[in-house]
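Colleague: I would like to go through this model with you, one question at a time. Shall we look at it together?

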Amino acid sequence: MSEQDKTTLSTGIELLTFQVGGQEYALDIMSVREIRGWTKATPLPHAPSFVRGVINLRGTVLTIVDLADRLGMGAAQTSERNVIIVVHTGKETVGLLVDAVSDILAINTTDLQDPPDMSAAECEESFVSALTISEGRMIRVLAIAAALPTESEEAA
Amino acid sequence: MTDEVDPMIEIRASFFVECEELLESLQDGLQLMDDGQSDDETINVVFRAIHSIKGGAGAFGLEELVRFAHQFESVLDGVRSHTILVDRTDIAIFFQASDILADLVRAARDDEPADQEKVQSILDKLSVILGDNAQEEDEVDASDFQPMGIALDLGLPELSDNESVDTDTQHEPAITTDAISAPGNEKPEHFLEGFKIFFQPDSSLYETGNEPLHLLKLLREIGEVDVSCDTSNLKSLSELEEEKSYLAWTIYLATDEDEASVRDIFDFVADLCKLDISPISNSTLPPSNKTDDAPLSSELSIVPTASETVVPPAPPQISQNTADLPVRKSTVPTLPKTNTDNNKPSNKPRPTVRVDLERIDRLVNLVGELVINQAMISQSVTDADLPSNSAISAGLDEFMQLTRDIQDSVMMIRAQPVKSLFQRMSRIIRESSAMVGKSVCLKTDGENTEVDKTVIERLADPLTHMIRNAVDHGIEKEEDRLNADKPAEGIVTLMASHRSGRVIIEVSDDGAGINRERVLQIAMDKGLVAENSQLSDTEIDNLLFLPGFSTASEVSDLSGRGVGMDVVKSSIIALGGRVTIQSEPGQGTKFTISLPLTLAVLDGMVIEVAKQILVVPLNAIAETLTLTQESVLPLGPNNRVIKVRDVFVPLLDLGSELGFRAPLNNFDNAVVLLISQENGTQAALVVDAIQDQRQVVIKGLQNTFGRPSGVAAATILGDGKIALILDPIDIVSSAESAGNLAQNNLQLTG
């Protein structure tokens with residue numbers, strides 16, 4: 001995103017912030033469909049480890065991705081207090097398993113910074129599309145499309 | 001503008017939907033003709049179908065389609081009026097023509113160019129049939145059919161004011177004006193017996209593509225007619241609504257036919273017009289009609305200039321008598337049908353509603369929810385430990401019954417007769433038999449068997465392939481057939497029926513049967529089976545389903561496109577079906593496809609493995625067994641087999657195959673499901689427990705992560721949890737392809 005883009009797109013957005021593996025992440029609230037408590041998922045055989053399984057979301061089968069595991073921070077310890085954020089990306093609806101939901105943050109797009117180039121670092125970096133600061137804390141904006149595995153990736 | 005464009009698109013779309021139906025009835029009629037069961041009404045139906053297509057096509061300016069339909073129609077009109085006598089060769093050409101017509105309709109729909117060469121060749125063939133009648137017919141055509149196509153415009157909401165003059169003038173008065181101004185008016189001299197017919201079409205008559213002129217012509221065929229047209233209702237051109245009906249006719253008909261046959265002519269417009277038929281005797285002769293054109297009102301005279309270009313003079317017998325219309329009041333709009341109709345149910349189709357498939361799918365989904373919900377309630381009732389005679393249990397039983405009824409009814413909505421599919425196959429037969437130069441006919445049975453719509457759609461490809469195979473490999477060459485004392489014409493039979501909750505579709509031919517020696521030899525050559533294996537007949541037959549198998553020694557145009565029976569088999573299995581072969585040397589080969597009635601609900605066995613609840617489709621399970629440690633025999637370091645009735649069957653632990661747990665070592669008292677594989681071999685899957693056997697609602701899995709291997713779909717259990725529906729055959733074959741079983745299994749099958 002260039003400097004010019006940011007000024008032209010200088011509009012307010014709302015972010016849903018949540019805790020994953022002790023870090024604070026955020027999602028554009030427009031992609032969030034609902035937030036629900038943790039229910040035990042039915043595991044899928046031969047699925048990647050970060051795919052926790054499937055749950056029944058009012059009659060549809062919803063795939064649950066363990067976001068902490070996906071971001072390379074180790075599988076989450078699931079308990080009653082975990083939360084599933086149901087997000088809709090493109091044509092898929094997926095449930096993200098996170099530690100807790102924190103807040104809704106209204107910010108201006110100009111307040112978003114590109115993440116520093118850390119291509120040497122582990123894969124986590126590619127899952128963050130932008131960074132922003134709220135009350136002195138760094139919020140990582142999740143690149144949701146990148147966080148969800150593609151078929152080829154799974155096959156690999 | 002958009003207001004005007006949208007309805008046209010919609011109308012166009014509905015025209016093509018109608019075309020499909022018309023093509024279907026066209027096929028039906030031709031089939032009846034081919035079977036020698038046709039009567040005049042059959043030919044009428046065929047004619048009408050082509051005619052309606054032509055009419056609609058004319059309205060949308062689909063010239064190619066109009067041109068072809070016109071020619072086809074001309075021939076059939078000859079057939080109808082018995083000026084052309086057809087034999088089966090001609091009917092075969094009609095079939096081809098109907099195929100082309102279908103092609104043209106599709107080409108027009110998708111805006112794609114049609115195969116001109118084919119079209120022309122059929123057109124030529126049709127002209128040959130038209131032959132000697134051509135001259136006469138052409139004349140009649142010109143006057144007879146041209147306006148009809150145009151008259152159909154009436155049925156379509158024109159963009160009246162913005163339309164060009166051309167279409168504006170193509171309305172019904174144009175035709176009648178000409179009819180009126182027609183010169184001939186020989187008055188029948190002696191009305192010994194006859195009828196007086198008052199005929200006033202409703203607007204709907206035109207909307208449905210019927211044409212009064214045609215009916216009048218038909219009347220003319222059964223006797224002498226004296227026609228007068230009542231134009232008194234006709235409005236001036238500026239007030240004229242081209243979709244409305246303004247004209248009425250009074251016809252005096254002198255004929256020997258009885259009233260029923262007169263009514264027959266109006267049979268298919270009976271609901272679309274005011275019709276009064278009354279017998280007349282000599283005393284009630286109509287007054288002699290006048291010849292002057294005076295009754296042509298001034299309004300009408302506006303029309304002809306344009307109309308004459310489209311409407312050539314009408315046959316002379318249709319004369320006019322506007323001066324004097326002794327209209328007898330009577331209330332006979334529809335009479336009880338004559339008995340000729342009783343054996344033709346197709347005449348009066350039951351009223352139907354066209355519904356968006358999405359809405360039905362939504363209903364199906366909701367009913368699925370209902371089934372799940374009902375399962376939840378019954379579970380809570382069971383958990384609550386109520387006495388079995390309590391009101392709630394009784395109510396629940398009733399509720400379950402209702403749910404099942406609703407489910408059945410909803411599934412019936414999705415069900416469609418396989419007829420359309422079979423008709424497509426008859427085309428495949430025609431095309432493929434022509435390609436390999438064999439004479440093959442298709443016999444169908446049970447084409448009213450209803451099958452889920454999706455199943456029908458997804459069956460088309462496998463069936464096409466099987467039919468082609470039957471024609472190419474199944475049916476022998478003509479001289480071989482004659483040598484074997486068979487009729488030169490081969491027969492491929494398509495049969496559909498319901499059997500014990502499943503749909504059975506059989507494709508059989510009366511050909512030479514499977515050449516097992518050759519099949520086995522090829523399989524050995526290709527390394528599909530070990531050299532010198534001894535296989536049973538069924539096993540050899542099933543080799544046809546192996547990937548990479550093709551028996552065609554010479555690759556023909558038809559088969560040998562790299563798509564084998566294995567693809568047929570896998571697409572049928574994807575539908576939850578099975579396919580089996582029976583073959584009798586010299587007698588033919590029969591493929592039997594067995595399919596579930598619906599794709600939305602499945603009979604499953606609920607099992608438990610590694611504390612997970614899973615569902616295995618019942619149709620995959622051949623039987624269930626309980627093991628003892630002794631019955632499990634080790635084979636190599638990691639594999640085990642069990643002995644089932646003297647056959648060794650590989651044993652797999654479902655839990656470890658799914659990655660839920662480490663492989664078991666102790667199989668004492670273990671429960672196994674014996675899975676029938678596609679190639680007829682079996683495999684045994686160890687499970688922890690069998691819980692239940694019940695219907696489950698199939699829920700698709702998201703494809704975010706691709707389809708997990710071994711899992712077909714998911715379902716929701718009574719407690720609201722999701723259980724995976726396994727694909728046991730996939731599990732077994734992936735375990736085999738993993739290499740740990742492949743070798744052993746091959747020997748076992750041998």
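Colleague: In what order do the five strands of the open sheet in chain B lie?

Modeller: This is a predicted model. The sheet is open and its pairing is mixed. Its edge strands, each pairing on one side only, are strand 20 (689-697) and strand 21 (711-716) of chain B. Read across the sheet, the order is 20-12-13-22-21.

Colleague: By how much are neighbouring strands of this sheet turned against each other on average?

Modeller: The angle is taken with direction ignored. For neighbouring strands of this sheet, the average is 35°.

Colleague: Which residue is the bridge partner of Val711(B)?

Modeller: Strand 21 of chain B pairs with strand 22 (residues 722-726) of chain B in the antiparallel sense, over five bridges. The partner of Val711(B) lies in strand 22 of chain B, and that residue is Leu726(B).

Colleague: What percentage of the residues of chain A count as buried?

Modeller: Chain A has four helices and 10 strands. A residue is buried if 20 or more other C-beta atoms lie within 10 Å of its own. Of the 156 residues of chain A, the buried share is 32%.

Note on methods:
Residues are numbered from 1 along each chain as its sequence is written. Chains are lettered from A and ligands numbered from 1 in the order in which they are written. This is a predicted model: local features need pLDDT of at least 70, side-chain atom pairs count only at pLDDT 80 or more; totals for chains, interfaces and linings use all residues. Two strands pair if DSSP finds at least two bridges between them. Helices (H or I, at least four residues) and strands (E, at least two) are DSSP runs, numbered from the N terminus. Axes are lines fitted to C-alpha atoms, for helices over the stretch in contact, and angles run from 0 to 180 degrees between N-to-C directions. A residue is buried if 20 or more other C-beta atoms lie within 10 Å of its own, exposed if 12 or fewer, and partly exposed in between; C-beta atoms are placed from the backbone.
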